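Dear colleague,

Please find below the structure for your review. My notes on its strands and helices follow.

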Amino acid sequence: MNQRNTLKINDRGHLEIGGCDAVELAERFGTPLYVFDEAYIRLMMRTYKKALNDCFGGNGIVLYASKAFSCKAVYKIAASEGIGVDVVSGGELYTALSSGFPADKIYMHGNNKTPEELEYAVSEGVGTIVVDSYLEADRLDALCAEKGVKQSVLIRINPGVEAHTHAYVQTATPDSKFGFSIANGTADDITNYVLSKGNLSLKGFHCHIGSQIFEKQSFVLAAEKMMAFIAHIKNSVGFEAETLNIGGGFGIYYTDEDPKLNENDYAQYLKALCDAIKQKSVELGVKAPFIALEPGRSIVGEAGVTLYTAGAIKSIPGLKTYIAVDGGMFDNPRYALYQSKYTVVAAGDMNAPCTQKVTIAGKCCESGDIIAVDVPLPEIKSGDIIAVLSTGAYNYSMASNYNRNFIPQAVLVNDGKADTIIKKQTYEDIVRNDVIPERLG
């Protein structure tokens with residue numbers, strides 16, 4: 001369970017999410033089902049916003065990193081909480097704009113934005129675009145010249161800080177596909193190049209060192225390196241950055257192997273980072289920049305729970321017991337990708353003692369279609385509801401129709417009420433874009 005009372009055990013011994021009985025949610029909406037706790041999402045958005053205001057007196061912005069979970073409802077929540085968002089594709093941008101989210105509070109990322117995505121972003125008045133290649137700088141400059149606009153941009157910088165996390169979610173190592181390295185001088189080169197572009201207004205720099213990070217010092221070191229780079233650029237070419245986007249990557253609780261952080265812990269992470277920036281600005285003789293922060297997983301991760309119905313149960317003597325569920329890698333590919341670990345519970349019998357270790361298997365035709373390995377559970381029968389915790393981030397957003405399975409429905413719960421925010425798919429949705437050429441008869 002998380003540390004914010006988002007999840008409870010009710011008087012029936014059932015898992016309760018946002019005041020809603022998980023077993024009743026499964027009966028009402030069916031499974032697999034993504035469940036998101038609205039109060040939790042708002043709490044985390046407010047936590048970061050308050051911490052940034054306390055540290056910098058309002059000289060900053062929280063940007064929800066919507067790649068963690070993108071849908072119209074979450075953008076509505078972000079807008080009502082007065083924060084910005086970052087997007088990484090035309091699809092995320094369209095979703096945000098179609099929800100009514102203000103374009104000037106959107107930051108757009110991506111290491112290979114297409115010409116169509118850049119044109120869409122500029123046409124819609126996206127506030128800031130983070131440049132990550134020479135080609136992009138050229139395309140964006142030419143596009144802005146055609147439209148007679150000047151686009152605010154940041155440059156993505158690689159500070160060379162190695163976060164202690166899975167190799168696939170480290171984004172600031174020397175050979176990363178993201179950003180320009182401070183160490184090898186390419187960060188200097190791209191800065192001079194962007195400054196030469198007449199239709200781009202360079203506001204500052206961006207970095208992001210990775211994801212699911214718990215080491216406070218990693219964030220502090222990245223901030224210190226970025227401030228040193230800002231001072232270096234000021235001294236070498238006379239450009240002083242107005243904005244420093246320090247990225248996100250704060251870790252969350254998945255299993256007892258992870259720290260159990262509360263909102264005060266996250267505020268302390270941010271305070272340490274902000275203190276480092278303020279100290280370096282004095283030491284290095286540069287103005288304290290406007291700070292942008294991009295939490296995503298830590299806002300929605302623990303807010304999400306996925307509900308499944310247990311199906312076939314297969315015990316292999318002397319080896320393991322598999323409990324198959326009606327979902328799998330098509331709604332949660334993170335074990336297949338990263339061997340990610342999760343906490344799994346029996347939603348309808350939360351007080352029962354855990355008497356076995358089981359592997360939760362998906363229904364796809366893949367041996368690697370696993371949700372969780374060797375998790376403790378009570379005796380489970382076919383038809384029981386199983387809940388996998390902390391699935392709010394990078395589950396729906398990475399889901400697919402593999403094997404032509406349905407991407408699950410999603411509901412938002414708050415104060416005992418549940419509302420659909422992503423509709424259940426149908427077979428017609430699966431074949432909607434299929435076309436049979438006339439020559440096939």
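In which helix does Glu263 lie? Glu263 belongs to helix H9, residues 263-284. Helices (H or I, at least four residues) and strands (E, at least two) are DSSP runs, numbered from the N terminus.

Please note that this is a predicted model, in which local features need pLDDT of at least 70 and side-chain atom pairs count only at pLDDT 80 or more, while totals for chains, interfaces and linings use all residues. Residues are numbered from 1 along each chain as its sequence is written, and side-chain values use heavy atoms, with hydrogens and water left out.

Glu263 is partly exposed, with a relative accessible area of 26%. On this scale, buried means under 20% relative accessible area, exposed over 50%, and partly exposed in between (1.4 Å probe, protein chains only). Glu263 and Thr47 are separated by 216 residues in sequence, yet their C-alpha atoms are 6.2 Å apart in space.

Strand E19

Strand E19 (residues 385-389) is largely enclosed by the rest of the structure, because five of its five residues are buried. Ile385, Ala387 and Leu389 point one way from E19, while Ile386 and Val388 point the other way. E19 pairs in the antiparallel sense with strand E14 (residues 304-316) over five bridges, and also with strand E16 (residues 344-346), again antiparallel, over three bridges. Two strands are taken to pair if DSSP finds at least two bridges between them. Ala387 of E19 is the bridge partner of Leu307, and Val345 also stands opposite Ala387.

The sheet E1-E2-E3

Three strands form an open, antiparallel sheet in the order E1-E2-E3. Its edge strands, each pairing on one side only, are E1 (7-9) and E3 (20-21). Strand E2 (residues 15-17) is joined to E3 by two bridges in the antiparallel sense, and Glu16 stands opposite Asp21 in E3.

Helix packing

Helix H4 (residues 90-98) packs against helix H5 (residues 115-123) at an angle of about 25°, with the axes 10 Å apart. Axes are lines fitted to C-alpha atoms, for helices over the stretch in contact, and angles run from 0 to 180 degrees between N-to-C directions. H4 is therefore roughly parallel to H5; angles under 35 degrees count as roughly parallel, over 145 as roughly antiparallel, 65 to 115 as roughly perpendicular and the rest as oblique. The H4 and H5 crossing is left-handed, a term used if the near helix is turned anticlockwise from the far one by less than a right angle, with right-handed used if clockwise. Gly90, Leu93, Tyr94 and Leu97 of H4 make the contact with Glu117, Tyr120 and Ala121 of H5, where contact means heavy atoms within 4.5 Å.

Helix H2 (residues 38-56) and helix H3 (residues 72-80) pack at about 45°, with their axes 10 Å apart, and H2 and H3 are therefore oblique to each other. Their crossing is right-handed. Glu38, Ile41, Arg42 and Met45 in H2 meet Val74, Ile77, Ala78 and Ser80 in H3.

Helix H7

In helix H7 (residues 186-195), the buried residues are Ala187, Asp188, Ile190, Thr191 and Val194. These buried residues pack against helices H6 (134-147) and H8 (216-237), and against strands E9 (151-158), E10 (180-181) and E11 (200-206).
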